[in-house]
Amino acid sequence: MKKQKKILWKKGIHLAFSEKWNAGFGSFKKFYFPQNLCFLKAKLGRPVVWHRQLKHFQCNKKGFHIQKTWTQDVPLCSKTKSGVATQNVSTLFPKVKGKDTKHFISSSRSLLKFQTDKLLSSTKNLDHEYCREKSLLKAVTGLSANTVLGFLDEVMKKYGSLVPLSEKDVLGRLKDVFNEDFSNRKPFINREITNYRARHPKCNFRIFYNKHMLDMDDLATLDGQNWLNDQVINMYGELIMDAVPDKVHFFNSFFHRQLVTKGYNGVKRWTKKVDLFKKSLLLIPIHLEVHWSLITVTLSSRIISFYDSQGIHFKFCVENIRKYLLTEAREKNRPEFLQGWQTAVTKCIPQQKNDSDCGVFVLQYCKCLALEQPFQFSQEDMPRVRKRIYKELCECRLLD
């Protein structure tokens, strides 16, 4: 119901009500009444009904009481049971000019009783409705706060921090619980999350997957604008490889560095249990001190491709991989792979617009290529992608 703020106090007029409203207004600072509420006034000692648009009213500490004796012939200016004496009618109401008398309706006893009952009913119902709304709002706020805290506890237990959490996740949980849209209460949600973070410092949380182990320092590289480290890159590559084990092989991020420093013999044992030439796609992350790039090898077409989120082309990296594959083919007695290799620089791919998301782009390249998905992401998606990668690492599986 549409409400409008009203005022029930005008030029020192006291409306003394003897019947207390059940819930009372003693603890409230403001209350509201519908527009054009009918209330009784005294005009020259006679009860009359006066219609007037009311404005906002600031309630006093004593609250209001409804006077049942209005239905009697007792003038409204008499002393009421509440002990509050009203002022003389002649001082309260100036003499009304003839042209204004049409705005006042002379009330008989029956009409006065009807209007008074209507007033009592409307105000009492409104009081109960307002109190119910306030109580409901307070209850829902408390319940929603408890729901948010419970959900944050679940996230902390599952992921070790609130890094992968988003407003959308919290809003989804609240909607599931209350079947209501809380999108207009984002400040409340953010405040609860901030307070929760302040009360819960860094915890001892670890993830184990095959031979990989991630702690909170590793996972923290996925937060904000941090640079991804080798541990995150390698474990995520393991998840990609295990999602399509017969198709893709993901090389450790230290592979290229070891190949450059120690040559083929330094990495010969890295593929002891793997036949690279039975795979369809090889993914080789390249870490050059402060930047991540990706080299892919498509075995069916013998193409070595270079992917870089800043448009850089490191030719020597591609050449190192080409020489490695030729040597590997000789060692594994696969002569068909000794010739026909081509190199390519992949252009028109999503590019980063900062200096910190190169590792995230590399992992997203890898996932899309391994699962044969198009590159439908951009720099604006990186915060969401970081959160998703965090969840995938904690759950040890790729998510949609």
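Buried denotes under 20% relative accessible area and exposed over 50%, with partly exposed in between (1.4 Å probe, protein chains only). The model is predicted, so local features need pLDDT of at least 70 and side-chain atom pairs pLDDT 80 or more, whereas totals for chains, interfaces and linings use all residues. Residues are numbered from 1 along each chain as its sequence is written, and side-chain values use heavy atoms, with hydrogens and water left out.

**View 1. The buried side of helix 3.** Helices (H or I, at least four residues) and strands (E, at least two) are DSSP runs numbered from the N terminus. In helix 3, the buried residues are Val170, Leu171 and Leu174. They lie on the same side of the helix because they cover an arc of only 95° around the axis, the arc being that of the directions from the helix axis to the C-beta atoms.

View 2. Just after the helix, Asn179 adopts a positive phi of about 55°.

**View 3. Surroundings of Asp308.** Asp308 is placed in the loop between strand 13 (303-307) and helix 9 (315-331). Leaving aside residues up to four places away in sequence, Asp308 touches His291, Trp292, Ser293, Phe314, Ile349, Gln351 and Tyr365 (contact: heavy atoms within 4.5 Å).

**View 4. Side chain of Asp308.** A polar atom of the Asp308 side chain lies 2.7 Å from the backbone nitrogen of Gln310. The Asp308 side chain also reaches the backbone nitrogen of Ile312 at 3.1 Å.

Conventions. Polar contact = N/O pair within 3.5 Å; in protein donor to acceptor, adjacent residues only side chain to side chain.
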